[in-house]
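Hello,

Here is the structure you are taking over, with the sequence alongside. My notes on what was found in it follow below.

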Amino acid sequence: MDIKYDRRSFIKTSTVSVGAAALPLTMVELAFAKPSDNFTFAYISDSHIQQIKGTQFVRNWDRGLIRAVAETNLLTPKPDFIMYGGDLAQMGSKPELDHGAEILSKLNGKVYHVMGEHDYYLDLGEYWSKLFGKQYYSFNHKGVHFVVLNSILTYDEWTFNRWLSAEQRMAEMAGLDNPNGSPFMVGDKQREWLKKDLAKVKKDTPIVVFSHSPLQKIYKGWNFWTEDAEQVQALLAPFDKVTVFYGHVHQIQYNQIGNIAFTSAMATAWPWPYPQSYAQAQQLLPKLTVQMNRADPFFERDATGWQFIDVNSGRASATFNLYNNTTRTVAFDPQAGHPKDQTYQDEDKRISPQMHY
Ligand SMILES: [Fe+2]
Ligand SMILES: [Fe+2]
């Protein structure tokens, strides 16, 4: 059976023949006890909606999110839910969060939210929580235990005592390579909550965790980093199947640490370069990761996109719907024991995965 899967052509097809019998769903293998237990969800992240003034917002970032919403609404079968991975706003203001929420309100389906640092550091999540609810929580869906963490907290002294204004605090946390920044962390309170939450879950139940920053240490200068990552990983270690999805890095990354598979999300706004192409500072970019080529500045949406997640046998695979780029799928490989790029993982197949139309 051919398991090659092209969501882009699928979406194009679905606009003209919704419900066609020959949909390319062959990657949904019947790994759960009941085929009906396999399911999908969409995962959109890092839109960075930015107010210029009044009702004027940066057009380019708006377009990225509008496109993700439109394409998600075309998915057939409909995803069971949509996860939004954080950094909906750029400077955390009410107009930005409202404008982002309005665009997201066009999604047909339930939307869950993850907190990003750009949503948080103006008012410490107050308005975001009014719009979207709890900052960390869990839920069960078709035999999978989902956990959402707020991983972008930092030291109390930095958050509460250091800055003259909330705006300054937000601006300091928004910068890369900023010596005034501070490392992200989940923190004692949430780790205590997570420990209690997981105590109720059987060890063979698949676990899917969402955080904004990676729950692993990749590159400190850009906060591709969570200070207490190892402590969170230790809480997840007793479970057979764990997948962590994270935003924030605006690029494709995947990794395996023990039983935990990690996969990042693309941003709908803009791509960051890979750390090793940028700085001499120590970075721990996972060796498994097949990098994208540099974004082409002549394509405004290049190296941006959103994800479609197939929860197959409790191991989630991510199909990256890359605007102006070839679709890529990263799926857990049971033989290898880690995620793999389904097309470009082998060295000799890495022939410019970034192909423009
Ligand atoms: Fe971001
Ligand atoms: Fe972020």
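**The open sheet**

Six strands form an open sheet of mixed pairing, in the order S6-S7-S8-S9-S11-S10. Its edges are strand S6 (137-141) and strand S10 (254-257), each of which pairs on one side only. With direction ignored, neighbouring strands of the sheet are turned against each other by 20 degrees on average. Please keep in mind that this is a predicted model.

One pairing within that order is that of strand S7 (residues 144-148) with strand S8 (residues 207-211): the two run parallel and are joined by four bridges. Val 147 has Val 209 in S8 as its bridge partner.

Strand S12 (residues 305-312) and S13 run antiparallel, with eight bridges between them. Gly 305 stands opposite Leu 322 in S13. The hairpin of S12 and S13 has two residues between the strands, and Ser 313 there takes a positive phi near 55 degrees.

S13 also pairs with strand S14 (residues 328-333), again in the antiparallel sense, over three bridges. In this pairing Ala 318 has Val 330 in S14 as its bridge partner. These two strands form a hairpin as well, with five residues between them, and Asn 324 in the turn has a positive phi of about 60 degrees.

How enclosed is strand S13 (residues 315-322) by the rest of the structure? Seven of its eight residues are buried, so S13 is largely enclosed.

**Helices**

The axes of helix H8 (residues 188-199) and helix H9 (residues 229-236) come within 10 Å and cross at roughly 10 degrees. Because angles under 35 degrees count as roughly parallel, H8 is roughly parallel to H9. On the H8 side the contact is made by Arg 191, Leu 194, Lys 195 and Leu 198, and on the H9 side by Gln 231, Val 232 and Leu 235. By class, this contact of H8 with H9 has four nonpolar, two charged and one polar residues.

Helix H2 (residues 59-73) has 15 residues and reaches 21 Å from its first C-alpha to its last, close to the 21 Å expected at 1.5 Å a residue. Its buried residues are Trp 61, Gly 64, Leu 65, Ala 68, Val 69, Glu 71 and Thr 72. As background for reading such a list, an α-helix has 3.6 residues a turn, so residues three or four places apart point the same way.

Regards

Methods. Residues are numbered from 1 along each chain as its sequence is written. Chains are lettered from A and ligands numbered from 1 in the order in which they are written. This is a predicted model: local features need pLDDT of at least 70, side-chain atom pairs count only at pLDDT 80 or more; totals for chains, interfaces and linings use all residues. Axes are lines fitted to C-alpha atoms, for helices over the stretch in contact, and angles run from 0 to 180 degrees between N-to-C directions. Angles under 35 degrees count as roughly parallel, over 145 as roughly antiparallel, 65 to 115 as roughly perpendicular and the rest as oblique. Two residues are in contact if their C-beta atoms, placed from the backbone, lie within 7 Å. Ala, Val, Leu, Ile, Met, Phe, Trp, Tyr, Cys and Pro count as nonpolar, Asp, Glu, Lys and Arg as charged, and the others, Gly among them, as polar. The expected span of a helix is 1.5 Å times one less than its number of residues. A residue is buried if 20 or more other C-beta atoms lie within 10 Å of its own, exposed if 12 or fewer, and partly exposed in between; C-beta atoms are placed from the backbone. Two strands pair if DSSP finds at least two bridges between them.
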